[in-house]
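This report describes selected features of one protein model. The sequence and structure are shown first, and the description follows.

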Amino acid sequence: MENLRFFFFALLLLVSPLLQVARSQSDSDAEVAGTVEEVSDLGIVEENAQDFGDENFSQALGVDVVCVFPKNSARLVNAGEETELLVGVRNDGELPITVVGIRASVHLPFDHKLLVQNLSAQGFNNATIPASAQATFPYIFAVSKYLQPGSFDLVGTIIFEIDQQPYQSTFYNGTIEVVESGGFLSTESVFLVTLGIALLVLFGLWLQSQIQNLSKKSKRAAKVEVGTGARDASVDEWLQGTALSQSQSQKSKKKK
């Protein structure tokens, strides 16, 4: 019985890392989605992506940014495939702002100093947001198809100008879940299915051996030696003429 529990526990332990729990959308995400839906798209996406370098700029007062993954509240990113997010910008300042572009990078979740991948930058033309206005800008990115599935941190920044001075705002700094793209069954899924079948076969062999041992024990218990009522002829011949044979013959005559 203890071995049976061990096999079930081992099987659950191996399969549990692949069980993914659905993430519910928070209230803040719902508010972000509502805000992005209301803004108008003033940006024209350039065909060629721009490289803004690694230079960091200061933040501007009166500029609020939000981000939402449309129809993807769990923030699942298929490795090697394009993923879209929307960046909403609201200009509460007195001067118009000109959006230059968006850049993003992927980092390890426990240490942002460890860079995993720099994503393609997205540039915009004629993306001017007047004072007291708001606009939505799409950003399409793709992580490397060789990136191992798991949790990573995405850092997204939008770069804009106010009175020809560059500024930046971080619209997203959180976790994304990278999953393996491809066919119905991934390599990891095939491995786990094969491992599960192997464990079931081993369990079946162990169960069969236990049943055979129990059947052997029951057969041994059934084999009980019982004394026979027939007496050996050589013993009777040897007892003839003795007092024991005479007493036995007298008892048999009395019974008759």
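**The sheet**

An open sheet is built from 3 antiparallel strands, arranged in the order E2-E4-E9. Strands E2 (63–68) and E9 (133–141) are at the edges with a single partner strand each, so one side of each has no neighbour in the sheet. Here, strands (E, at least two residues) and helices (H or I, at least four) are DSSP runs numbered from the N terminus, and two strands pair if DSSP finds at least two bridges between them.

Strand E4 (residues 83–91) is joined to E9 by 9 bridges. Within this pairing, valine 89 has alanine 135 in E9 as its bridge partner.

**Basis of the model**

The model is predicted: local features need pLDDT of at least 70 and side-chain atom pairs pLDDT 80 or more, whereas totals for chains, interfaces and linings use all residues. Residues are numbered from 1 along each chain as its sequence is written, and side-chain values use heavy atoms, leaving out hydrogens and water.

**Salt bridges**

The whole structure contains 2 salt bridges, each defined as a side-chain nitrogen of Lys or Arg within 4 Å of a carboxyl oxygen of Asp or Glu. Arginine 90 meets aspartate 64 at 3.1 Å, N to O. Arginine 90 belongs to strand E4 and aspartate 64 to strand E2, so this pair ties together parts 26 residues apart in sequence.

Arginine 90 also forms a salt bridge with aspartate 92, with the closest N and O atoms 3.5 Å apart.
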